[in-house]
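This briefing sets out selected features of the structure shown below, grouped by topic for quick reference.

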Amino acid sequence: MTDYLSNRNQRVVLNGVQSDWLPLNSGVPQGSVLGPLLFLIYINDLTANISSQIKLFADDASLFLPVRDPAMCQQVLKKDLDTITKWAYQWKMKFNPDITKQALEVIFSQKRNKPDHPPINFNGIPVKRESEAQHLGVVLDDKLNFRNHIINKIKVATKGLGLLKFLSKFMNRDKLNLMYKMYVRSHLDNGDVIYHNQSAEMMKKLESVQYNAGLIVSGCWKGTSMDKIYSKLGWESLDDRRNFRRLSLYYKIKNNLSPKYMVSLAKNFSTRISARFSNSFFPYCYHKWNLLDEKLKKSSSLSVFKSNFLKSIRPQKKSCFNVNDKNGIKILTKLRVEFSDLRAHRIRHNFNCLSPTCRCGLEDESNIHYLTSCNIFSEQCISLYANVSSIIPNFNSLNNEEITQCLLYGNKSLKDDVNMKILTGTVSFIKATKRFDKLEAFNET
C-alpha cells in the first residue's frame, strides 16, 4: 500500500485526504467538486501495464499478488513498482520520498513457517514490512484473523458505553437506545461481514459489549438473561445481525446490485472445505442462502428483503407506551425480566438472599405476589385496582397471573394511550409501596 502523488502545488482536499497534484494554473477552485473528478481522470491510466492486481481508492493504491514463488513474486512487484514510478515521472509527479512515509507491505499467510520473501524498493526507498495495515477502517493482519481490528473496535465502543452510562442519568430509554445504535453499535458493525465467525472468542467479546449496553439502556442488573434484555429492548443478537448483514450484501450480489467483480465470485462451494474457509464470506453466504425461504430470496427489492429478514430475527420490542418516568420504567423492566429486589428473583440468581419468602410470610415474593397478594401493600393494591378497573371493566374477573401480565405489559387489544394509563398506574403503585426505595440486596448481611 502506498500514499501517492505530491507535486507541491495547489492542495485539494479529496475525500478527507490531502493530495498535492493540481497545477497552480489549473483554474480549479480549491475544494471544488471538479477536483476529485479531474483527479480520477488524471490517474485513470495508472493501472496500465501492471502485472499484479491493483486497486485504487482516493490517494491510496494497493498492489497484491498470490505468492507461489517468493523470488518470482518479488520480480513482478519490483517491475510493477518501477512502472508506477516511470508513470509518475512521465506525468511530472513524485511519490512521497519521505522515509517516514514508506510504502507498506503485508505478507498474508496462515503458514507457521513462512518462506523468506526478498525485500523490495519503491522510488528508491525500501518498502516497509508490517504485520498489519489499516485499509478503509479495517485492520488487516497478516493471518487475517481480524483480532486486532475487533479489539480496536471494542475499545472505541467501550468508551461509548462510558458516555452512555453517564447520559443514562438524564436521558430516557428511547434516546439511549438511539444513542447506542448510532454511536456504539456502528463500531461493532464495522467490517463485520468480513470477520464474522472467524473467532468464537472474539465474537463472544463483541456480544458482551452489546449486553453491557443493554444493561445501561434497560437499567437491569448484571446477570440478567441476555435473551430477556434483548427481547424487552427489541434487539437482535450481534451474531444474528452479522448473518443478516452478510446475506443482505449477498442479496445485492445475486441481484446484480453490486460491482461485477463481486458477482463473479459468487459461485458454488464444495462442502469439503476447511472450517476457516467455510466461515469466509462467499462460502458462508452460499450455504446460508440455500437455507433461506424461497419467498425471502425472491424479494422484490433489497429493502423488502431486509424488512422481512429482520422480522425473523429481531424480537418485538416490549413497549412502555411513552410512560415518562425514567426510574419507574427501570424498576418495571427489572420486574419484567424477573431480576429485581424481590426475594424470589434474588434467590433464583443467588444474589444475597437467604429465603424467597416475602416479609408478610404468606408465600414467595414474586411478581404475582407483589402485584396481587401481598398484605403489606394491600392499601396501595386496592387503589391500583380501582384505577385500572375504570379502564378495563372486566379487570377484577381476571386471575392473578393475567392481572400481573396486564399490569406489567398492558393489553394488546387496547390502544396505546389506554395502555399508557395502565403502566402509569403500575409505576405509581411501585413508587407508593416504596418497596424499591431501599434495596434489600445491598443491605442484607
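**Arg185 and the basis of the model**

Arg185 counts as buried because its relative accessibility is 7%, where buried means under 20% relative accessible area, exposed over 50%, and partly exposed in between (1.4 Å probe, protein chains only). The model is a predicted one, in which local features need pLDDT of at least 70 and side-chain atom pairs count only at pLDDT 80 or more, while totals for chains, interfaces and linings use all residues. Residues are numbered from 1 along each chain as its sequence is written, and side-chain values use heavy atoms, with hydrogens and water left out.

- Arg185 is placed in helix α5 (residues 185–189); helices (H or I, at least four residues) and strands (E, at least two) are DSSP runs, numbered from the N terminus.
- Setting aside neighbours within four places in sequence, Arg185 is in contact with Tyr180, Gln210, Glu236, Leu238 and Arg241, contact meaning heavy atoms within 4.5 Å.

**Nonpolar cores**

- The largest nonpolar core has 65 residues, of which Leu164, Leu206, Tyr370, Phe395, Leu407, Phe429 and Phe436 touch the most other members. A nonpolar core is a set of buried Ala, Val, Leu, Ile, Met, Phe, Trp, Tyr and Cys residues joined through side-chain atoms within 4.5 Å.
- Helix α7 (residues 200–218) gives the most to this core, contributing nine residues.
- Another core, of 19 residues, lies apart from the largest one; among its members are Phe244, Phe282, Leu296 and Ile313.
- Leu407, not counting residues up to four places away in sequence, touches Leu332, Leu371, Leu384, Tyr385, Val388, Phe395, Ile422, Leu423 and Thr426.

**Helix α19**

- Within helix α19 (residues 400–409), the residues Ile403, Thr404, Cys406, Leu407, Leu408 and Tyr409 are buried.
- These buried residues pack against α8 (226–233), α15 (326–336), α17 (367–373), α18 (378–389) and α20 (416–433).
- The N-terminal end of α19 is capped by Asn399, which has a side-chain oxygen 3.1 Å from the backbone nitrogen of Glu401. A polar contact is a pair of N or O atoms within 3.5 Å; within protein, one must be able to donate a hydrogen and the other to accept it, and residues adjacent in sequence count only if both atoms are side-chain atoms.

**Aromatic pairs and charges over rings**

- The whole structure contains 22 aromatic pairs. Rings of Phe, Tyr and Trp (its six-membered ring) pair if their centres lie within 6.5 Å; planes under 30 degrees apart count as stacked, over 60 as edge-to-face and the rest as tilted.
- The pair of Tyr230 and Trp235 is tilted, because the ring centres are 6.3 Å apart and the planes stand at 45°. Tyr230 is buried, with a relative accessible area of 4%, and Trp235 counts as buried at 2% relative accessibility.
- Tyr370 and Phe436 form an edge-to-face pair, 5.6 Å centre to centre with 80° between the planes. This pair links distant parts of the chain, with Tyr370 in helix α17 and Phe436 in the segment after α20, 66 residues apart.
- Tyr370 counts as buried at 1% relative accessibility, as does Phe436 at 10%.
- A cluster of Phe244, Tyr250, Tyr251, Phe281, Phe282, Trp289, Phe305 and Phe309 is linked by ring pairs.
- The charged end of Arg435 sits over the ring of Phe436, 5.5 Å from its centre, and Lys55 lies over the face of Tyr261, at 4.8 Å from the ring centre. A charge sits over a ring if NZ of Lys or CZ of Arg is within 6 Å of the ring centre and within 35 degrees of the ring normal.

**Cysteines**

- A search of the whole structure finds zero disulfides, a disulfide being a pair of cysteine sulfur atoms within 2.5 Å.
- Cys320 is in no disulfide, and the nearest cysteine sulfur, that of Cys220, is 10 Å away. Cys320 counts as buried at 13% relative accessibility.

- Most residues other than glycine have a negative phi.
- Asn123, in the loop between β7 (121–122) and β8 (125–126), has a positive phi near 60° and counts as partly exposed at 33% relative accessibility.
- Asn350, in the loop between α16 (343–348) and α17, has a positive phi of about 55° and counts as exposed at 70% relative accessibility.
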